[in-house]
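Here is a short briefing to read alongside the model. Have the sequence and the 3D view open, and follow the points topic by topic.

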Amino acid sequence: LSNSPKKSGPETSAHDQADAAIDRRSFLTSGAAVGAVAVAAMPAQPAKAADDIRWDREVDIIVIGAGAGGLPAAIAAREKGASVLIVEKNFDIGGRAMMSSGGLYIGGGNRMQKALGVQDTPDLIFADWARPERPMGRFSDRELVRTHADNSLEMFDWLEKHGIKWEAYRPAPDRLDRSRTRLNVVPWPNEITGPARGSGFVRPLAATARRMGVEILLQHQMTKIHRASHLSGRVTGISTIEVDNNYQQKTQTLNIRARKGIIVATGGSAGNPTFRTMFDVRLTAEYQAENSEWTQRTADGEIAAMEIGAALGGTACQTVQEDHLINKGRIGKKSNGGLTEPYPTSPHFFRAGALGLVVGNYQNVILVKENGLRFYNETVPNQDYEYYAAALAWTGDPKKLNGGGPIWAIFDADAVTREKWDLKPPHVDRNGYFFSGDTLEELAANINNEYQWRPMPGAALRKSVERYNSFVDTGVDADFKKPRPMYKIAKPPFYAAWSTPALHDSYTGIRINTSAQALDLRGKVIPGLYACGDSAGGFGQHGICRAATFGRIAGFHAAQQQA
Amino acid sequence: VSAAPPRAPKGDAPATIDSDGVAPAAQRGLVNLETVPPVPPEVPVGTGLAFQARVSSAAGSDLRGGSVNVVTADKVVSRVLEEYRDGLNVTGDFTLTPPEQLGEVTWILQFPGQEIDGIAYEETSLPVSFKTVPHRTSLAAWDIPSPVLIGDRFTMKVGAKSSGACNLKGAKVEIRDETGATIGHGTIGDTPWPETSALFWCEVALAAPPNEGLFSWSAAFAAGDLTLPHVDSSTTFSFIAVKRPEHRLTVKIIDGDSAAAMADVDVALGPYRAASDGAGLAHIDTPAGHYNLAVWKPGFEAAPLTIEITADTVVQIALKRLPEDVKLWG
């Protein structure tokens, strides 16, 4: 394969095609021309806009979200001379990427790969990520995959130029890679998210963006994207509200006009049950989005864009049958991510409530549903998607037929000793997500959780444990074929820890073309509107490189629009 | 309820007489009474009840300063109406303990006749009835050896928990076999099991069955003469009884890639379990026979195998590392 010509989407206007025809290589040559003069977010004189909105501020480009897509978008737009304002809902930058382990799928034959002897080209990247063997390749928009592949070498240099420090390539290919393209960044010093490295991506880029004159308006939530008329014309600006640490509104609406473009980079929809159940109706409210301590990922951008006509793209990519988009996670805390957590010293820890417990050996627990009954072999690996099918199956709530309700890890005092768990705060969240009892009946009665629709039947829990203990005697799990059950649950006190599956990324979102322009339901470009990262659909690649690649493309493209 | 909202206008509706000659409730100063929260229909004996009285007049008057009584069989407890909001007046807390006997109980919530801000209110009473019931109990049984040698003596522990967290010292525990026959007993002590809030426990000495097999016995709690009535309860537990060992199986566990000895690997031979030590060795004493031999360590696998033990035996098992349960995040 050779590099494909740039395309803007299946059906684009002549104007849009002209925009899209900008040679991507021109991005590089003009990139360093902008100095560090702060020109973003000039204080606009209140003025009546054509659509009768009173604009409080005015800039060339508004970026919604200061994460892995938004920060590159802002930097790229500044490189092209546009004034840029980022609005960010949280009280700190970083978004979902802050809790990332900081590995980018980036390659194409760069100098670090060459030093390792790794053979890689953009064509190989495309071939790998368009592979049909697994859903994330099978259902991806190959135009977007090709664009990702063609930009990979440039991205390596461009990110390095803007402050990213590379640590090392991971030792083996993963996901769809056949070459080693997973490159770790160097973590930001003294960051209080552990063991995440994502800070090493977003902190340097935020510093660069600020140095270049990008203004970042923290604790401002976008509530609406305005368009010249309801379903036609350019996007004109956004409305925001200032929010507190709990995302509650603090002030009146602030309307910000965007002369050239609006880039949606709000982190996806994993934390919005109403939105995500469009794709999988089982994913009801009890399933938490991992790491929502840092970013809610409530589909704010997708919803606002859809309200003015945007379509969704690549919806077949959004499956929880693949790629750890659902996982067992930690136990004993609500937002039970699997790997990275904010430390108790983090200003974000108040949203986490606890660090959670890592189960080292699932022989030490049984997993029961809200009804006190086991449902699967507890020791299956995280990739066993039949486990999740069982976990998400209905158990009897007459008022809620979708979703499977809470899952609880049940264990005893001996298991605590074997796992060397510390059950004191901040390790577990005793405010609804971790319980203890002197007996099994008392434990069941003590479970009081917002998603537990009825008290757990104590007799059912006891029966489950007694039956399981007999399997330990006989050596055979006659119900779920757990490999040689090893330990009884017998010594008091007894414990129940939240072990409900947690949700990971979003692989669908606003439909975009290869210029990251948002498309409407008829495949037409919505002039001035862009999307990237988990807010954009069509490319089932996990991680921050997809976000950064299309964020950068969006920033460059938007900056070159007519004001 | 706020501590000191502005007082409502004093005086109820202007005095009027209905056509039947009866003054309206507002003029006569009648009130409605209720407890907050409502007293449940069943209350475990000896369990303190905490509630407030809520009083409202037809006109929604501010009655702060007025009093409310609770009349029990042996005393009268009074509280002052302290808070007022939205036409509702609330007293301070009543904290009362029902009798320690089982049965029906009726207390009287009484708003005595009294004059408040120039309005004469008539006495109003509300019976508050409930039933005192025994405390529930539940059990735990642990430290049961399995397998146990047939005919051997062994001990186990049984703990009992009162739903009222009562001290259960002196209560009896019986162990019963599958036929229901009592085969052991113990008396609950007065020290809770470590880390529990109020699990009172005892140790019971037992004789193992004379035959091999899987047994399911039960522990039964008899409240007996505890100060407060409790409901009896029971739980079941299982164990395997086996013959005396004749041979020793030594299992050496190594890493299939590096051949290094592996510690802390769980080994199971039929009903017997052990864990490998620092040298990768696990020892199991067993009678002769055919057994399934299984090993378990997270992240590794080894095919289960069947083994015949006819003499002291040494087996080496190489564990194969599973593909990492990939930490794909990031």
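In this predicted model, Arg282(A) counts as partly exposed, with a relative accessibility of 22%. Its salt-bridge partner is Asp280(A), with N and O 2.7 Å apart. Asp280(A) itself is buried, at 14% relative accessible area.

**Salt bridges within a chain**

- Over all chains, the structure holds 50 salt bridges.
- One of them joins Glu79(A) to Lys161(A), with 3.2 Å between the closest N and O atoms.
- Because Glu79(A) belongs to helix H3 (residues 70-79) and Lys161(A) to helix H7 (residues 142-161) of chain A, this pair ties together parts 82 residues apart in sequence.
- Glu79(A) is buried at 3% relative accessible area, whereas Lys161(A) is partly exposed at 43%.
- In chain B, the side chains of Arg244(B) and Asp152(B) meet in a salt bridge of 2.8 Å, N to O.
- That pair links distant parts of the chain, 92 residues apart: Arg244(B) sits in the loop between strands E19 (233-242) and E20 (247-255), and Asp152(B) in the loop between strands E13 (148-149) and E14 (153-162).
- Asp152(B) is partly exposed, with a relative accessible area of 24%.

**Where the chains meet**

- The interface brings 38 residues of chain B into contact with 44 residues of chain A.
- Between them, the two chains bury about 3,100 Å², 54% of it on carbon and sulfur atoms.
- Three salt bridges are found across this interface.
- Lys491(A) forms a salt bridge with Asp143(B), the closest N and O atoms lying 3.7 Å apart.
- Both residues also belong to a salt-bridge network that includes Asp414(A), Lys157(B) and Glu203(B).

**A sheet in chain A**

- Three strands of chain A form an open sheet in the order E5-E7-E6, with antiparallel pairing.
- Strands E5 (103-105) and E6 (166-169) stand at the edges with a single partner strand each, so one side of each has no neighbour in the sheet.
- From one strand to the next, the twist averages 30°.
- Three bridges pair E5(A) with E7(A) (residues 182-185) in the antiparallel sense, and Leu104(A) stands opposite Leu183(A) in E7(A).

**Cysteines**

- How many disulfides does the structure hold over all chains? There are zero.
- For Cys532(A), the nearest cysteine sulfur is that of Cys545(A), 12 Å away; Cys532(A) is buried, at 1% relative accessibility.
- Cys166(B) has its closest cysteine sulfur in Cys202(B), and at 17 Å the two are too far apart for a bond.
- Cys166(B) also counts as buried, at 15% relative accessibility.

Terms used:
Residues numbered from 1 in each chain as written. Chains lettered and ligands numbered in written order. Predicted model: local features only at pLDDT ≥ 70, side-chain atom pairs only at ≥ 80, totals over all residues. Heavy atoms only, no water. Disulfide = S-S within 2.5 Å. Buried < 20%, exposed > 50% of the residue type's maximum accessible area, 1.4 Å probe, protein only. Pairing = 2+ DSSP bridges. Helix = DSSP H or I, 4+ residues; strand = E, 2+ residues; numbered from the N terminus. Axes fitted to C-alpha atoms, helices over the stretch in contact; angles between N-to-C directions. Contact = heavy atoms within 4.5 Å. Buried area = accessible area lost by both parts, 1.4 Å probe. Salt bridge = Lys/Arg side-chain N within 4 Å of Asp/Glu carboxyl O.
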